[in-house]
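Welcome! Please take a look at the structure below, and then we can walk through some of its charged side chains together.

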Amino acid sequence: MRRAVLRLFFVLALPVVLVAVWWAASYGSTDPFWPPLRTVFQTFPDVWTADRLRSDVLPSIVRLAAGYATATVVGIALGTVIGSYRRVRAVCEPVLEFLRAVPPPVLIPVIMLFAGIGDTMKIVVIAGGCVWPILLNTVEGVRAVDPVMLETARSYGITGLARLRSLVLRSASPQIFAGLRQALSIGIILMVISEMFAAGNGIGFTVVQFQRSFAIPDMWTGILVLGLLGFLLSVVFQAVERRVLAWYHGLRASTRRS
């Protein structure tokens with residue numbers, strides 16, 4: 001019980017302090033672009049109604065999920081192939097380094113030429129930015145698989161999909177999840193940017209519309225929604241990661257105890 005209370009304290013302490021500082025710093029503000037935090041809180045329930053959540057937040061989450069899922073499948077699949085074969089890695093590495101250096105937002109106008117301004121464009125932008133941390137971390141994770149374990153698996157006749165599933169991906173999974181975590185934050189950023197370029201709904205579109213109409217407190221509520229969405233997605237991701245990598249965390253805990 002005490003451990004749970006301490007954990008909750010450490011999770012909430014910094015957010016509470018930051019909100020208190022923001023509240024105090026903006027309390028007497030008369031700047032129209034820096035409204036008091038109490039005004040933002042009062043505006044929040046009037047802006048983000050159930051209808052707006054369905055019309056703006058839900059489409060953003062669907063686009064993010066589609067792009068993130070696409071990047072996950074492509075990144076892990078290509079990363080496993082590239083990491084497993086040295087010649088493939090030697091051929092692909094220069095191209096990967098070139099493509100990785102191109103910021104995904106720069107490609108939005110190009111993608112719009114081929115994919116239009118619909119959801120397809122936004123999903124492609126999100127997937128194009130999320131795939132790199134997943135791909136590169138998968139490559140490094142696969143390369144780091146213990147060669148003794150690989151040789152042992154071959155000696156016991158464990159090959160093909162069984163070897164890939166039980167040894168290669170399992171050994172690389174901690175690094176793969178590190179890439180997935182990085183990709184999640186990138187995906188949220190690209191979701192907002194793509195909706196600011198061309199969209200008829202979504203959180204990014206809504207924030208820009210509030211800014212253009214000088215509804216500044218409403219704009220700040222949109223920023224708070226993005227922060228809350230990022231926090232909730234992080235909590236969900238951590239829960240999934242703890243479950244999938246339970247063996248890894250248990251191994252590390254036993255190693256520390258010994």
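Arg143 has a relative accessible area of 47%, so this residue counts as partly exposed. In this predicted model, the side chain of Arg143 meets that of Glu140 in a salt bridge, with 3.7 Å from N to O. The two residues sit 3 apart in helix α6, which means about one helical turn separates them. Glu140 is partly exposed as well, at 38% relative accessibility.

Helix α6 covers residues 119–143 and also holds Leu136. With a relative accessible area of 21%, Leu136 is partly exposed, because the buried class ends under 20%. From the C-alpha atom of Leu136 to that of Thr120, 16 residues away along the chain, the separation is 25 Å.

| Pair | N to O distance |
|---|---|
| Arg63 and Asp119 | 2.9 Å |
| Glu140 and Arg143 | 3.7 Å |
| Arg181 and Glu241 | 3.0 Å |

Arg181 belongs to helix α8 (residues 160–197) and Glu241 to helix α10 (residues 216–244), so their bridge ties together parts 60 residues apart in sequence. Arg181 is partly exposed at 36%, whereas Glu241 is buried at 15%. Shared partners also join Arg63, Asp119 and Glu195 into one network of salt bridges.

Arg63 is buried, at 5% relative accessibility, while Asp119 is partly exposed, at 42%.

Definitions and conventions:
Residues are numbered from 1 along each chain as its sequence is written. This is a predicted model: local features need pLDDT of at least 70, side-chain atom pairs count only at pLDDT 80 or more; totals for chains, interfaces and linings use all residues. Side-chain values use heavy atoms; hydrogens and water are left out. Helices (H or I, at least four residues) and strands (E, at least two) are DSSP runs, numbered from the N terminus. Buried means under 20% relative accessible area, exposed over 50%, partly exposed in between (1.4 Å probe, protein chains only). A salt bridge is a side-chain nitrogen of Lys or Arg within 4 Å of a carboxyl oxygen of Asp or Glu.
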